[in-house]
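Reader: I have a model open and want to learn to read it. Where do we begin?

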Amino acid sequence: MCTLEKRGDFFILTLIGVTKADQEHRLSPPLIESIRSALAEARSQAVNGSVLITRSEGKFFSNGFDLKHAQAVGARAGSADAAKAELRRMVDLFRGVVADLLSLPMPTIAAVNGHAAAAGLILAMSHDYVMMTSPRGVMYMSELDIGMTLPDYFTALIRGKVGEAADRRDLVLRAMKVGAKAAVKMGIVDSAHDSAVEVEEAAMRAAEEMGKKRWCGAAYAGLRKSLYPEVCGVLGLKDSFVLPSKI
């Protein structure tokens with residue numbers, strides 16, 4: 001599950017887990033629903049100058065969709081088709097998380113302190129800024145290794161966020177496990193740090209700097225959507241034209 005903490009005008013969304021397995025933060029329907037609920041709360045309380053930081057407990061940021069959950073659904077139904085249908089349902093549900101983040105009226109920062117794989121990597125990349133620990137953790141699009149193609153909004157987001165064709169090829173068609181420093185060179189990560197503490201401190205410093213600007217949230221969201229027209233089109237997010245409140 002996740003929690004949402006409000007610190008002044010800032011929001012801290014934390015992926016939490018009680019057991020070791022929970023701390024992989026696999027994106028099951030309940031976790032996806034929990035994240036969307038937290039984002040809706042942040043949206044409802046947003047003011048000019050708000051910033052969202054997403055972090056996680058444990059050594060994973062997120063290890064992607066909860067395939068064990070899908071397998072369990074299939075086992076109960078006695079059908080492999082039921083497992084595949086549940087995975088497709090998770091893909092459809094997670095579409096809403098990406099849409100929420102790309103339309104949120106505030107800057108967003110992912111403080112990645114461990115592995116971010118498949119949909120977990122997409123979760124990180126859906127933020128405006130990504131900071132990551134250098135000593136541990138990789139970014140990894142595992143779909144090729146498990147024999148799965150990418151959902152359309154994954155592909156559109158990758159094309160929008162990863163500038164070089166060779167880097168996109170390595171990420172998707174080689175299923176390369178990318179460390180923090182290499183991810184900085186690819187443009188996936190903005191900065192690499194020596195520890196989870198340093199990542200979170202850097203995220204808070206960036207949030208404080210942006211928060212001081214008191215940017216209009218509606219204008220920020222509109223400008224973000226204009227930068228990534230392909231993925232926003234796939235997600236059904238419409239452009240919004242915002243005029244200054246004082247003119």
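Author: With a helix. Helices (H or I, at least four residues) and strands (E, at least two) are DSSP runs, numbered from the N terminus. The expected span of a helix is 1.5 Å times one less than its number of residues. Helix α9 (residues 196–211) has 16 residues and reaches 22 Å from first C-alpha to last, close to the 22 Å expected at 1.5 Å a residue.

Author: A word on the source. This is a predicted model: local features need pLDDT of at least 70, side-chain atom pairs count only at pLDDT 80 or more, and totals for chains, interfaces and linings use all residues. Residues are numbered from 1 along each chain as its sequence is written, and side-chain values use heavy atoms, leaving out hydrogens and water.

Reader: Which residues of α9 are buried?

Author: Buried means under 20% relative accessible area, exposed over 50%, partly exposed in between (1.4 Å probe, protein chains only). In α9, the buried residues include Val-199, Ala-203, Ala-207 and Met-210. An α-helix has 3.6 residues a turn, so residues three or four places apart point the same way.

Reader: What do the buried residues of α9 pack against?

Author: Contact means heavy atoms within 4.5 Å. The partners include β1 (2–7), β3 (51–56) and β9 (191–193).

Reader: Is Asp-100 buried or exposed?

Author: Asp-100 lies in helix α3 (residues 80–103). Asp-100 is buried, at 13% relative accessible area. Not counting residues up to four places away in sequence, Asp-100 touches Arg-36, Leu-39 and Arg-43.

Reader: How many strands form the open sheet?

Author: Two strands pair if DSSP finds at least two bridges between them. Here 3 strands, in the order β4-β6-β8, form an open sheet with parallel pairing. β4 (60–62) and β8 (139–140) each have a single partner strand, so one side of each lacks a neighbour in the sheet.
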